[in-house]
Amino acid sequence: MKEAGVDTLVYSWYPRGLSDENGISGNPDKLMPLVLEEAERVGLWVAIHLEPYPSRNAATVMIDIEYINQKYGMHPALFKRKRKGSKTNKPVPV
């Protein structure tokens, strides 16, 4: 991937207990640490794509983002950006 000029991969994420129409995922905490570790090893970033799911709404998205940030936010391979206008100027996962 690096040789092709790719520096960021996008990880398709479903909340714990949910999965896609093929039944894949269900437990993001099983695979995500391995993806992050391997990405760090080869010098890639990982951005998370929060997949749509039936009960998803503004409140559940906020819960999902908080969970992702708490669980993986400090990992060096997780793609982060500084928020414009942030009082802390602290990078957050994208």
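Q: How much of the protein counts as buried?
A: 30% of its 94 residues do, where buried means under 20% relative accessible area, exposed means over 50%, and partly exposed is in between (1.4 Å probe, protein chains only). Bear in mind that this is a predicted model, where local features need pLDDT of at least 70, side-chain atom pairs count only at pLDDT 80 or more, and totals for chains, interfaces and linings use all residues. Residues are numbered from 1 along each chain as its sequence is written, and side-chain values use heavy atoms, leaving out hydrogens and water.

Q: OK, what pattern does the protein follow along the sequence?
A: β-α-β-α-β-β, with two helices and four strands. Those are DSSP runs numbered from the N terminus: helices are H or I with at least four residues, strands are E with at least two.

Q: Which residues have the most contacts inside the largest nonpolar core?
A: W13, M32, L36 and V46, in a core of 16 residues. A nonpolar core here is a set of buried Ala, Val, Leu, Ile, Met, Phe, Trp, Tyr and Cys residues joined through side-chain atoms within 4.5 Å.

Q: And which elements give two or more residues to this core?
A: β1, α1 (28-42), β2 and α2. The largest share is four residues, and α1 supplies it.

Q: What does L36 touch?
A: Leaving out residues up to four places away in sequence, L36 touches V46, Y72, H75, A77 and L78. Contact means heavy atoms within 4.5 Å.

Q: Switching to rings: how many aromatic pairs are there?
A: Two. Rings of Phe, Tyr and Trp (its six-membered ring) pair if their centres lie within 6.5 Å; planes under 30 degrees apart are stacked, over 60 edge-to-face, and the rest tilted.

Q: Why is the W13 and Y67 pair called tilted?
A: Because the planes sit at 35 degrees, with the ring centres 6.2 Å apart. W13 is in strand β1 (residues 8-13) and Y67 in helix α2 (residues 58-72), so this pair ties together parts 54 residues apart in sequence.

Q: Are W13 and Y67 buried or exposed?
A: Both W13 and Y67 are buried.

Q: What about W45 and F79?
A: That aromatic pair is edge-to-face, 6.0 Å centre to centre with 85 degrees between the planes. W45 lies in strand β2 (residues 45-50) and F79 in the loop between α2 and β3 (80-82), so parts 34 residues apart in sequence are tied together. W45 counts as partly exposed at 35% relative accessibility, and F79 counts as partly exposed at 23%.
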